[in-house]
Each structure stands twice: as C-alpha cells, then as structure tokens.
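Here are my notes on the model you sent over. Have the structure open while you read.

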Amino acid sequence: MAETYEAQVVRALREIDTTLRLVRYSLDARPPQEVLDELHQQGMLPPTLLFEVRISDAEGRTVASTHPQPAHQPNVTMVQAEGMGIELLGSGEGAEQPLAFSRRLSEESANPQGAVSVLVDGAYFVSGYDMDTLGVLGVLALAEEEGTFLVRRTGNDLFSGEKIDYEDLLTDNDGIGQPALVRSSEWDGVDRYLVARQLFEFPVAIVVGLSQTEQLDAAESMQRSYYLRAWLVSLAGLVILALLGWLSWKLQQVQAKVLEERLDHARRAEYLAFHDNLTGLPNRAYFSRLLTRGMQHARRYDKQLALLFLDLDRFKAINDSLGHDAGDELLQEISRRLGHSVRESDTVARLGGDEFVVLLPEIIEQEQISHVANKILAAVSAPFTLVGQEFRITVSIGIARYPADGEDEQTLMKHADVAMYHAKEEGKNNAQFYSEQLKSDSLERLALESSLRKALERQEFTLYYQSKLDMATGRVIGMEALLRWQHPELGLILPKQFIPLAEENGLIVPIGRWVIYTACRQNVAWLKAGLPQMSMAVNLSARQFLDDGLLRDIKGALQASGMAPELLEVEITESMMMVDMQKAVGVLQELRKIGVRIAIDDFGTGYSSLSKLQALPLDTIKIDGSFIQDLLNNAGDRSLTEAIIDLGKSLGLTIVAEGVESAEQVAYLRQHACDQVQGFYMHEPQPAVDAARSVQERLDSESIP
Amino acid sequence: MPSRLTRLGCSLLLCLVSNLAWADVVVVTSAQSAVTTLSRSELADIYLGRNSRFPGGQPATPVDQRENSPAYIAFYRHYLGQTPTQIKMHWSRLIFTGRGQPPHSEADNETMADFIAQNSDAIGYLDNAYLDDRLQVVSID
C-alpha cells in the first residue's frame, strides 16, 4: 500500500516538475501571460480544473496565471534555493490550502527574476484515500522536511500545516523489509501501524497509516461474527436435535397408539372369534379348545368329564312365529338359565342356532350328571314371557362321557349328538346318556338314509293294496295303495320307519310321484284284466302335499295311465291342512277341478274342529282306526264315531272306517250307517297280485250263492 | 444528522435556484453529429471519463466550460446531479491515480459554440441563447 502511494506521489510530483520546467523553458520575450495561454491552448499544461500555473515576479506578485486572480490571493514566496520549492500557501491548520510547487525562472542568477509555480489543492495528493483499505481512522499524508504536514487525510477529513517531528516520524519506519510498527500518532493520538518514507527526489515524505483499533476491530468483529455464527449454528443444531427428538417421541407415541389400537383390535377380534356375540358364551371354536384342554386335564389326572349336548325343542316354530328378535331374546334367556344351572367350574357354550353344550369337568358319578341335566331341564322349561306372551320351551339333552363314550373331541361330540337325537325320539324334554345301542341305532339310521337315496333307482319300493268294502253291498269298491320298501338286507320296511326320513331329506317328493304313477297304472291294469271298477286311494305326505309339482304329477299320472280321474282319491291328514290352511284349500280345489276325490285320513286324532271341515272341499272322511278298535268297549269313542258319521252325513261326505278287525265292529258300523269299511277283518294289505286274487275270490264266492 | 439535513436542505434549495436560473443550459453537438439523444447515465459516463464513445460507437469528446462558470455549475447540477466540488474530487482521484484526464474546457458560451461546431465528435453545453444553426440540441431523457 505504501509502495503504491509512494509511486503515485512521485509520479504526480514529477509531472508538476515537468510542467515547471516546460513553462520556464517556454518563456521568451513575449508577455508571460501570452506564453501561458499558448501552452494552455496547446494542451501542454495540466488540467486547469485542478492545477493553476502561475508566474510571479521577484517580489512574489503574480504576473501571469492560467486562472483569474481573486483579490486576496496569497502570493508565492520566493524560492530561495535551487530545485523545486514546496510551499503551503495560506495559513492556519485544517483548511484546504493549496500547495505551491515552484522553480526560480533563472537558476544561475543569484538575483532572482521571479518564479514559476504550479498550485494544486493538497487534497489532490490524498485523493487516493480508500475507505475500504484505510478505514475511517487511517492516515494518508505528505510531510515536508521542516516538520509540517503539507496535507493529511484521515477518513473524509483533510488537514494541513500540522507540525510534526519529522525525524522521529521517519526513524525505523520506512516499512521496507519489516512489518509496520504500531505507534501513537502525535498529531491526533491514534495508535496506528505507520509507514513513513522519505522520497528520493523530493524533499517530502509520504505517510501511510492504519488504525490499530480499527484493524483489530475488524478482526474482532470478524471474530465476533465467527463466534456468533458458531453460536447460531450450534443453536440451530440444538433446535434441530430437539425437533428430531420431539418428532421421534411423537412417532413413538403414534406407533404406541397404533400398536395399542391393533392390540385392542386383536383382543376384540379374538374375543369375537371365540365368543358368540348374541349370548357372550364361548363359541364352537373356543369350546373346542376348552374341551380339548379339559380332556387333557382329565387324562393326566385320571378323571372323567361329561359333555351335555342341548337342542331346544320347537325352537324353529317359535322363531318363525314370534320373529327372530324374540328368538334371540329367548336364546339369551336360555343361556342365562344354563349359566345358573351349572357350577362355576362348568362351561356353557353355544354352538350355533339353538344348540348349546355344557362341559362338566371332574365327574365322579353318573348321578351328578343326571342331577345337572335335570336342573337344566327344569330351568329351561320354566315359563318365559316373550312379546308379552307366556309360554314354555323344552330342551333335549344328549350326554357323552369322557373317556367311556369317546376319547377324542370329535367322537365325544358325535356321541353326545346321537344321544340328543335319541332324547328327541324319546319324546323330547329329557336327557339321554349315550350307549353303544344308540350308536348302532344311529348307524342303522345312517345306513337307511343312504340306501333310501338309492332305493328308487334300484326299484326297491313296492306298493301293497288294501281293499275297501262297501257296507251296503259287501263288495270291494276301492283299493288303498300302501308304500313298502323291500330292503335287500333289512327286509320289508314300513312307511313309518322311513317316511319321516324321506320327509326330512326331501326324497318324499320323487317317492310320492312314483307311488301315484304306479297306483294309477295298477288301477288301469286291473280294470283291463277284468276286475270290476275300483277307486284307488293314495296317501300324500305333508311335504308332498305342499310341493308345487303335486298337481302336475297327478295330472301326468292320470294321463299316462289313462285312468279316470274320479277313481283317484288322495288321502291327506288334518295336520297337513293346518300347516297352511289357505294353500291347502287352494290345492284341494285344484284337485277337485280335475275330478280327483279327496279323503281326510286318520280323522279324529287331530285337533281341528269339526266345523272346519265345512270349509274344505272334501269327499270322504276316514275315521281313525284307534276309535274303531275300542268302539265296542269305550263309550267315548263310540259317541265320537257316531258324531263323526252324523256330521259327515250332514255334509254329504262318504264315511270310511279304518282298522276294522271284527264282525262286531262291522255290525256296529253298519248299524250306524257307515258307508265303507277297511281293515284286517276283510283284507290285510297285499301285493298287487294277491290283492287282485282276493278281489277275484270274493267276487267268485259272491256269485256262487 | 442535523448537519446532513441542513446540507440536504441547502442543496435542494440550490438545486431549485439553479434550475430556475439555469434551466436554459442545453447539451449540444455539432449539426453534423448523428447524436441527437442521450440518457442521463450515458451523458454522465461520457463526462466523468467512464466512456469515451457515444452509444452508437462513434468517439466522444466532452467539452467543459470554465470551472465554476454559471453554465458549468448549471450543467453538472442539472444533468449529472453533482456539485463542482464532487466533480473536482472525482477528477483529483482519477488524475492522481493516473486513470484519466478531465474534459477539455472552453472559456465561455461563444468559444464553446465555435468548438462544437467545428468538431463533429464533440459534445458540450451552453446557454441556449448561444444556439445557432451549426449546433443541434441533444435531448437528455
């Protein structure tokens, strides 16, 4: 920095000196002003903007100048010595005073003739002051040998004429090959790194200084700013760390919450998976576990346990008639009652629908089981109030014991189920223990069911026929077709043994169809064979009666066989009518339309009032055999039979007595104007061939007398 | 701060006065010159030695009137927004550091008019009372 300034000052001084020499050389006989003007015109003089070129006489008075002279312009002092003289014009410190650089017009002459000067503001020499490098408290100055600052600049302030110790300033301070020293500036007391250097050609020294505090301030402020940045960065780091911590804590919270929710969900799902949501009892899956565990426990400690399989009787009827809500309410009440009927250690579960199971661990005697079963039967059969209506329901219970009745879960459950079915068969509302006998029964039932499915295609069914005699003539006037199953292994099976099964699995419909077709064909065959015209009665089962295909089947059979419709008589029971009265009446009317006759079978055993008969399109009433059996001994049966006959007569119906076994019964019935009789006394049910022969024989014996 | 405000007030006042008094100083070129319009910053660049050519590419020779003449003061105040002191400092720095020379200066409006008329590169300023056919006024945006 000092070197640059030195070079700039030297160049400026040289230019000024060159101008001085040029003017002095150019002066001739002409007036000095003229010479100056000419030089100016030629552009030989420095810019008038900054520099005044002046020529003075021996007394210092201005004789020529590039600038107009104000009144009190200070004169230039005569230069005494050779070379260039430097003078600070004006007086006092601080003012912007011009500097005059002068040379004598004649160097040789001892007698001065005058001088040529270049005047320039001291500011010119310090105009290179740069705030960025020197700061506000730096210094740029020009000092002359006498110990005066020709000009000094600190910041934007200019000074001139300050007295200084020139020698001291220059001592050890030229800044060449050594660092600048810090010293207190005598003129303003500021501590500075100072370089002061005497110029080689000119009697001036340059001074360049930097304020120590300012430089340190810069360093310190840099340091401060670094500290501040470090702090800010650390703080930002801390904030980020805190934020990360907070976020991870949040994340953890959320995860924990999600986990909790999942666990809740899982627990709930597990509860739902293992409990019946209607009653809150363990469900089939859970019970299966409990049973397995119970069996393991019993095996290990050599104990017994009992499994009670419960099925409500008539539940379906209640559910259908009172609605599902009432059914649900009933199930809930049942489960409460079951809970109260057993010990804490016992388990009650609902398997679904109206099936419940009770597990009794640690059983010692069979009486204990019976005791619990009876408690349950009593609890369940206590009256309920549902939908403002009091009624009763019963339960059938099957009991299987571990390990006696089964050593694995599946077997135990199956055997309890078998026992329960047995309880149903035994009239419901009772409990049955499983036994091997039950098992074989149930196996038979199973075998029956599977062979029943094949019976039709294997043509194992056959029809037996029982004749009906006209009371008045004693002639066979009709036959009733009766279904028999010729089982290849079990032999002949009666309808009551397999019809309920066929009703249950729906096989009754194709079987019934077969019966109708076969009976019709047989009827026509007999007629063709020369037997007298006889009616043919066919029994309809409940399911068959309500089947939508019934009419089509009957019409088809009549058509296929060519049998006269009025010879066909369908027999239905009272109870079949009561299931759906409206539909039943519709079906009967349809049958009447095609000419088929309708008989009501087993009359008297049902609960329908006699008056209801009036609403039905009937042709025949068949009085149930049980009345006929005790007809002669039982006055009640007698009066009922008489009443039925009277009623039937009044309705214009044909009255048939079934199950007639003796001549006395026939005599009684004839006396009371019964129309027809049917029973062992006349003919037992026989295969078609035998039945035909019987009819023929009766005809023959009749014709003989 | 008060001193700065005072200075600001003074300069505003001066500005107003000078505008009123010297609003008729115009920038001129030779009638032959192609330069008829300049922006304020282009004019300032030429007069402060930052650019020695017109925007069109032809060399520019700025011409001053004598320092502190009314036209000088008015020109710098009005077109460059500078005081004579600022101008002097500017050129002091440039000359001292050897980076430039100030414009050639003419003694008065008349010599300015003559100089401009004879130099097609030249650009100057004068009181519009001294306009004539040889010159053209440069409009300053």
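1. What covers the buried side of H17(A)? Helix H14 (542-546), helix H15 (550-561), strand E23 (568-573) and strand E24 (597-603) of chain A are among the elements over its buried residues. Contact here means that two C-beta atoms, placed from the backbone, lie within 7 Å. Helices (H or I, at least four residues) and strands (E, at least two) are DSSP runs numbered from the N terminus.

2. A word on the source: this is a predicted model, where local features need pLDDT of at least 70 and side-chain atom pairs count only at pLDDT 80 or more, while totals for chains, interfaces and linings use all residues. Residues are numbered from 1 along each chain as its sequence is written, with chains lettered from A and ligands numbered from 1 in the order in which they are written.

3. The buried residues in H17(A) are A:Val587, A:Leu588 and A:Leu591 (buried is 20 or more other C-beta atoms within 10 Å of the residue's own, exposed is 12 or fewer, partly exposed is in between, with C-beta atoms placed from the backbone). They share one side of H17(A) because they cover an arc of only 100° around the axis, taken from the directions from the helix axis to the C-beta atoms. On the other side, A:Gln582, A:Gly586, A:Gln589 and A:Lys593 are exposed.

4. Just after H17(A), look at A:Gly595, which has a positive phi of about 100°.

5. Zooming out, chain A has 21 helices and 28 strands, and 36% of its 705 residues count as buried.
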